[in-house]
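My entries follow in the order I made them.

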Amino acid sequence: MRIGRRPAPTHLHTKGIAIMATAQQTHGAFSWFELTTSAPKDARTFYGKLLDWTFQDMDMRPAGTYTVINVGGQGIGGIAATPPNAKGMTPAWGGYVTVDNVDKVVANVAGLGGQVLMPPTDIPTVGRFATIRDPQGATLSLITYAMKS
């Protein structure tokens, strides 16, 4: 995951379509995707061959190994083992949306009919995230990336 100072978003225009500078810098943009599965090694084999992804393992003790998915040398997502408290969970992809202030955004969830599944939590050197459920039952993670000085 590439983390850096979050400048104001810059927009490029191509034939009338605005393109964001980076998803990690832009409030409301999907910026990270994560697969939770009981078979991370099998997932690496499948997606590596299918999509030419490369991987980098990170030791996240005590939680175990987290695998960063790389495309063109840049992290775009990750693969994590199903946590012990979720045994039997169907493997699933989840997305993270960048927000300017995860605590402020999460404070609005209940008033809009949603539910906070995981309150804002720090990920050392990465940022702060939370997981919510919308009124229809879909889940989404929100993240504010750490700014490096």
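Sheet. I found 8 strands forming an open sheet in the order E4-E5-E6-E3-E7-E10-E9-E8, with mixed pairing. Strands here are DSSP runs of at least two residues (E) and helices of at least four (H or I), numbered from the N terminus; two strands pair if DSSP finds at least two bridges between them. The edge strands are E4 (54-59) and E8 (115-123), each of which pairs on one side only.

Source notes. The model is predicted, so I kept in mind that local features need pLDDT of at least 70 and side-chain atom pairs count only at pLDDT 80 or more, while totals for chains, interfaces and linings use all residues. Residues are numbered from 1 along each chain as its sequence is written, and side-chain values use heavy atoms, with hydrogens and water left out.

E4 and E5. I looked up this pair and found it antiparallel, over 6 bridges, with E5 covering residues 65-71. Gln 56 stands opposite Val 68 in E5.

Helix H1. Residues 40-51 form H1, which lies across E3, E4, E5, E6 (74-81) and E7 (92-98). H1 runs at about 145° to E6; axes are lines fitted to C-alpha atoms, for helices over the stretch in contact, and angles run from 0 to 180 degrees between N-to-C directions.

Thr 37. I placed this residue in E3 (residues 30-37). Is Thr 37 buried or exposed? Thr 37 is buried, because its relative accessible area is 7% (buried is under 20%, exposed over 50%, partly exposed in between, with a 1.4 Å probe and protein chains only). The Thr 37 side chain reaches the backbone nitrogen of Ala 39 at 3.1 Å. Not counting residues up to four places away in sequence, Thr 37 touches Ala 43, Ile 79, Ala 80, Ala 81, Thr 82 and Pro 91 (contact means heavy atoms within 4.5 Å).

Leu 112. I found this residue in the loop between helix H2 (102-106) and E8. Leu 112 counts as exposed because its relative accessibility is 67%. Its C-alpha atom is separated by 7.9 Å from that of Pro 135, 23 residues apart along the chain.

Key: Polar contact = N/O pair within 3.5 Å; in protein donor to acceptor, adjacent residues only side chain to side chain.
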